[in-house]
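Open the structure in your viewer and get ready to select residues by number. We will take a short tour, one stop at a time.

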Amino acid sequence: MAASRLPPATLTLKQFMRRQQVLMLYRRILRAIQQVSNDSDRKYLKDWAREEFKRNKSATEEDAIQMMITQGTMQLKELEKTLALAKS
C-alpha cells in the first residue's frame with residue numbers, strides 16, 4: 001500500500017472552500033471598517049472583528065460555521081448601510 005503524500009492535516013475540498021469563504025468575509029469586514037472616519041470607532045470595530053474571528057477559530061461543525069458566515073455577512077451589510085448613511 002502506497003503512503004499518501006499529503007500531510008495529515010490536509011483540508012478536504014469542502015473545508016478549503018469554507019476557509020476561503022471565512023477569509024473573504026474577514027477581508028471584506030476589515031475593508032469596510034477602514035471607511036469609518038472616527039479613529040477610536042475604527043480601532044474598536046477592528047479589535048471586535050479580530051476577536052470574534054479568533055474566538056470562533058476552532059469551530060469545526062459545518063452547520064455552525066455556515067451559520068457564523070451568514071451572521072457575519074448580515075453584520076457586514078448592516079455596517080455598510082450605516083457607513084452609506086453616514087456619508088450622505
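Start with Asn 56, which sits in the loop between α2 and α3. Remember as you look that this is a predicted model. Is Asn 56 buried, exposed or partly exposed? Its relative accessibility is 29%, so Asn 56 counts as partly exposed; buried would need a value under 20%, and exposed one over 50%.

Asn 56 and Met 68 are 12 residues apart in sequence. Draw a line from C-alpha to C-alpha, and the distance between the two is 8.6 Å.

Next, select α1, residues 13–33, and α2, residues 39–55. Their axes come within 9 Å and cross at roughly 170°. That angle is over 145 degrees, which makes α1 roughly antiparallel to α2.

Show the side chains where these two helices meet. On the α1 side, pick Val 22, Leu 25, Tyr 26, Ile 29, Leu 30 and Ile 33. On the α2 side, pick Arg 42, Leu 45, Lys 46, Ala 49, Arg 50 and Phe 53. Colour them by class: this contact has 9 nonpolar, 3 charged and no polar residues.

Now for the core. Select Leu 25, Ile 29, Ala 32, Ile 33, Val 36, Ala 49, Leu 76, Leu 79 and Leu 83. These 9 residues form the largest nonpolar core. Both α1 and α3 (62–87) supply at least two of its residues. Which helix gives the most? It is α1, with 4 residues.

Last stop: Leu 76. Leaving aside residues up to four places away in sequence, Leu 76 touches Leu 25, Arg 28, Ile 29 and Ala 32.

Terms used
Residues are numbered from 1 along each chain as its sequence is written. This is a predicted model: local features need pLDDT of at least 70, side-chain atom pairs count only at pLDDT 80 or more; totals for chains, interfaces and linings use all residues. Side-chain values use heavy atoms; hydrogens and water are left out. A nonpolar core is a set of buried Ala, Val, Leu, Ile, Met, Phe, Trp, Tyr and Cys residues joined through side-chain atoms within 4.5 Å. Buried means under 20% relative accessible area, exposed over 50%, partly exposed in between (1.4 Å probe, protein chains only). Contact means heavy atoms within 4.5 Å. Axes are lines fitted to C-alpha atoms, for helices over the stretch in contact, and angles run from 0 to 180 degrees between N-to-C directions. Angles under 35 degrees count as roughly parallel, over 145 as roughly antiparallel, 65 to 115 as roughly perpendicular and the rest as oblique. Ala, Val, Leu, Ile, Met, Phe, Trp, Tyr, Cys and Pro count as nonpolar, Asp, Glu, Lys and Arg as charged, and the others, Gly among them, as polar.
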